[in-house]
Amino acid sequence: MGKLHNLHMRIGLLLMICVLTAGCSPISEGESSQISESEENSQESMTDLSSAPEESESEADPVPQAGGELSMTVQNPQTLNPLLTDDEDTAQMLNLIFSPLLDINQQDEVCPSIGSSWEWSEDNRTVTITINTDILWQNGKAVTAQDAAYSIQVLQQAPETVYYKSCVQCIESVRTSGNTQLIITFTNASRLNLKRLYFPVISQSYYTGNVEEGLDNAFDPMGSGPYKVESYQALRELRLVSNDMYFKQTPYITNISVYLSRDESAKLEAFNQKKTTLFHTEFLNWGNYINQKNLSMYSIDSHYVQVLAFNMKKPLLEEARVRKGIALSLNTAEILKNVWLSKGTLAEAPIYPNGWYSPTNQANYTYDMERAGEYLQNAIDSQLTVLVNSSIPDQEAIGLEIVDQLQRIGFVAALDQKEEAAFQQALQEGNFDLALCRFRIFDEMDLMEVLGSTGSQNYTGYASQDMDAALEAIGQQTEEETIHQAFVNLAQQVVEDLPYFTLFFQKQATLTGLNVRGDLEPTSYNVYRGIENLFISQQ
């Protein structure tokens, strides 16, 4: 509690700006509008405010001025084509150069971008998206519906491993009407399919060639985003300059130097040594940055969830009362505090907890040793192993916390660490008792893979017609209220059957330093969203 108390004393109250965003919509018809948003700001200033002198209004609120440079590091990319990269780090960086077909804000609402508005068919299988042809490519040509259709076709033909592949898996067909209308028909009738249309649009005329052989200009990207390429040196540096034709606003900061590194540790080292001023990571040792001055940290609600899988093929874990007893014996808030300084969101089902559709956490399995003991009367002293993926940072630490708490209540528990390939093999073959799994959950299609009777990531041996019906019901809804209720019903089914015990959703972090001011609006879709708002303070 000491570190958290000091943090609260240093930064005072976390500033939260919650302004409804014009033009954004959960799933209904999108209205054409100027794309200018003011959203919940998740920035956490790490400057020591408790000892700072009282500032004048001009000192507290410096006026943004154009100029200056940001620097960042990414792992050396295999391609700079955003539709063909399989690396999340590269894909996020390329959000600086490219704009998505549709955007998604911090409330998980769909917002206009290249697509300025949309209209659904009566059967909710086809959406017609109007393209904003006032948006220009960085070569001065207008973005068209043909560019968007071409981008979908590239993704459809791309390898299964590319980062944005899942965006097109539910698309049955795509066609255009003139330069402004993109018509997409999905394989299923669900307005939530709109969320899957966050992917970069590329220029058909610029990116030509055979997809199987690799598109031309793979290392000379040209998009419609806030920055454009000035120069590229393989294995060394990518230089970006602000795009004065960017359809939102010209970024204040003129240049970004993107240094190409060998691995994640080099990124962190460069930022810690103040060689770079912009840094994003999925895994952050939060405690290392609490007392640092001139540093701003944006915590990002990610779609990565940590769950404990029960192998229901094991006689002990086949019993629902045992699974529920184990859930009640685990203090998830304590685990989250000990591993990530509480930088995460507790949840009782693997449903993104901060969206407009999210069910309220009813705390059905809040830590309760007395209730746990009642459920586990005949299971105490049983042996349990907890399988963890040692290739993913912090999984061992979380696993050790789980083992310790299981031992407290009387289980003979041990950690079973395996690297990625062996971990996946153990899951597939059912060679585990409990398994700590990390899933990326964006929508009901991802949930079907985890919870559905035939889901590819259902490692528990769980099968339920009621669960399958609850999953299918989500995609059948067309109104916001009924979609929300469908997610509530799904969460209740998860709580009742408990094939997985949800621990928490992970937070990621984007950090800026060295007098970088202004407000990012980062999301897990685009961790640099709103970068055009940043500026270098001269104060």
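Let me start with strand β18 (residues 500-513), which is joined to β13 by 12 bridges, the two running antiparallel. Two strands count as paired if DSSP finds at least two bridges between them. Strands here are DSSP runs of E with at least two residues, helices are runs of H or I with at least four, and both are numbered from the N terminus. Before going on, note that this is a predicted model, in which local features need pLDDT of at least 70 and side-chain atom pairs count only at pLDDT 80 or more, while totals for chains, interfaces and linings use all residues. Residues are numbered from 1 along each chain as its sequence is written, and side-chain values use heavy atoms, with hydrogens and water left out.

Back to β13. Which residue of β18 is the bridge partner of D301? That is K507. β13 also pairs with strand β17 (residues 434-440), again in the antiparallel sense, over seven bridges. There, L308 has L436 as its bridge partner. Buried means under 20% relative accessible area, exposed means over 50%, and partly exposed is in between, with a 1.4 Å probe and protein chains only.

V386 has L434 of β17 as its bridge partner. In β15 (residues 383-389), five of the seven residues are buried. Strand β16 (residues 412-418) runs parallel to β15, with seven bridges joining them, and Q383 stands opposite V412 of β16. Between these strands the chain passes through helix α10 (residues 395-409), and this β-α-β crossover is right-handed. That term means that, with the strands pointing away from the viewer, the path from the first strand over the helix to the second runs clockwise.

Now to another sheet. Four strands, in the order β5-β6-β8-β7, form an open sheet with antiparallel pairing. β5 (115-120) and β7 (171-177) are at the edges with a single partner strand each, so one side of each has no neighbour in the sheet. On average, neighbouring strands of this sheet are turned by 20 degrees against each other, direction ignored. Axes are lines fitted to C-alpha atoms, for helices over the stretch in contact, and angles run from 0 to 180 degrees between N-to-C directions.

Helix α4 (residues 145-157) packs on this sheet and touches β6, β7 and β8, its direction making about 155 degrees with that of β7. Contact means heavy atoms within 4.5 Å. Q156 belongs to α4. Is Q156 buried or partly exposed? It is partly exposed, at a relative accessible area of 32%. Leaving aside neighbours within four places in sequence, Q156 is in contact with K165, V168 and I171.

Last, the cavities. A cavity is a set of points, on a 1 Å grid over the protein atoms alone, where a 1.4 Å probe fits but cannot get out, and lining residues have an atom within 4 Å of a point. Grid points are joined across faces, edges and corners, and a volume is the space filled by probe spheres set on the points. There are two cavities of 30 Å³ or more. The largest cavity holds about 160 Å³ of space. It is lined by 18 residues, and N95, P100, Y246, K248 and N526 lie nearest its centre.

Definitions and conventions. 1 Å grid on protein atoms, 1.4 Å probe; cavity = no way out; pocket = protein on both sides within 12 Å on 5 of 7 lines; lining within 4 Å.
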